Amino acid sequence: SSRVLWTLAVTQLKHAETMIRFILLVNKQGQTRLAEYFVPTSLDERCALEGEIIRKCLQRREDQCSFIEHLNYKVIYRRYASLFFIVGVDNDENELAILEFIHALVETYDRYFENVCELDIMFNLEKAHFIVEEMVLNGNLVDMNKTNVLTPITLLDKASS
C-alpha cells in the first residue's frame, strides 16, 4: 500500500514535464548577465541556444509580441530598462502567466536591490540566482510573493553583517 503509493509518486515525477526550461537576463548588447537552466543542458548547447535566442529577441521591434517559438519550446521575453528577461517554457504553457512571473521577478529584484539595474545583477550574481531559486524549483513556479521570496535572503544578510 505505501510502497504502491511511493512507486506511483516516483513514476509521476519521472513523467512530469518541466514548466520552465531556462531563465536568461541579457543586456541590450546581447551579453548574458544571468543564466539559470532547469533541464540538463551541455555547455555547447547553452552557448548555441543563448546565441540564437538572444539574437531573435534583440532583433524584434517593440511593436511585435513577446512570444517566440524556438525548436521544441516557447520563449517569452520582456525588456525592462537595459535588461531583457527571457524565459523558455514548454509549448503547452500559458504565455501570460510567464509574463506575470517575469514581472514578479523584476518587482522582487526592485524591492531587494532598490531599483534594480544591470550592475546590481553583475555585482550580486549569487543573490540574483538565490532570488530566482526561491521562486522557481525544478522548473516549476513555487512562490511569487515578494515578502516570502526575500525573507531567507534578508535573514542571511542580517546574519552576515
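**Aromatic rings, cores and a buried glutamate**

User: What makes Tyr-109 and Phe-113 about one helical turn apart?

Analyst: They're four residues apart in helix 3, so about one helical turn separates them. Bear in mind that this is a predicted model.

User: How do you know whether Tyr-109 is buried or exposed?

Analyst: Look at its relative accessible area: Tyr-109 has 0%. Buried means under 20%, so Tyr-109 counts as buried.

User: And Phe-113, at 12% relative accessibility: what does it count as?

Analyst: Buried again, because 12% falls under the 20% cut-off.

User: How many aromatic pairs does the structure hold?

Analyst: Seven.

User: Why is the pair of Tyr-80 and Phe-85 called edge-to-face?

Analyst: Their ring centres are 5.8 Å apart, with the planes at 90°. A pair needs centres within 6.5 Å, and planes over 60 degrees apart count as edge-to-face, so that's the label for Tyr-80 and Phe-85. Both residues are buried, too.

User: Why is the pair of Tyr-109 and Phe-113 called tilted, then?

Analyst: The centres sit 5.9 Å apart, and the planes are at 45°. Stacked takes under 30 degrees and edge-to-face over 60, so 45° makes this pair tilted.

User: Which residues do ring pairs link into a cluster?

Analyst: Tyr-80, Phe-85, Tyr-109, Tyr-112 and Phe-113.

User: What makes Tyr-109 stand out in the largest nonpolar core?

Analyst: Contacts. The core has 32 residues, and Ile-20 and Tyr-109 are the ones with the most contacts inside it. Elements giving two or more residues to this core include strand 1 (20–27), helix 3 (95–113) and helix 5 (125–135). Helix 3 gives the most, with ten residues. A second, separate core has 14 residues, among them Tyr-37 and Val-75. Back at Tyr-109, the partners beyond four places in sequence include Leu-25, Phe-85, Ile-131 and Val-132.

User: What makes the link between the side chains of Glu-36 and His-129 a polar contact?

Analyst: The distance is 2.5 Å, and the cut-off is 3.5 Å, so the pair qualifies. Glu-36 itself is in strand 2 (residues 32–37). Leaving aside neighbours within four places in sequence, Glu-36 is also in contact with residues including Arg-21, Phe-22 and Val-132.

Note on methods. Residues numbered from 1 in each chain as written. Predicted model: local features only at pLDDT ≥ 70, side-chain atom pairs only at ≥ 80, totals over all residues. Heavy atoms only, no water. Polar contact = N/O pair within 3.5 Å; in protein donor to acceptor, adjacent residues only side chain to side chain. Contact = heavy atoms within 4.5 Å. Core = buried A, V, L, I, M, F, W, Y, C linked by side-chain atoms within 4.5 Å. Buried < 20%, exposed > 50% of the residue type's maximum accessible area, 1.4 Å probe, protein only. Phe/Tyr/Trp six-rings, centres within 6.5 Å; stacked < 30°, edge-to-face > 60°.
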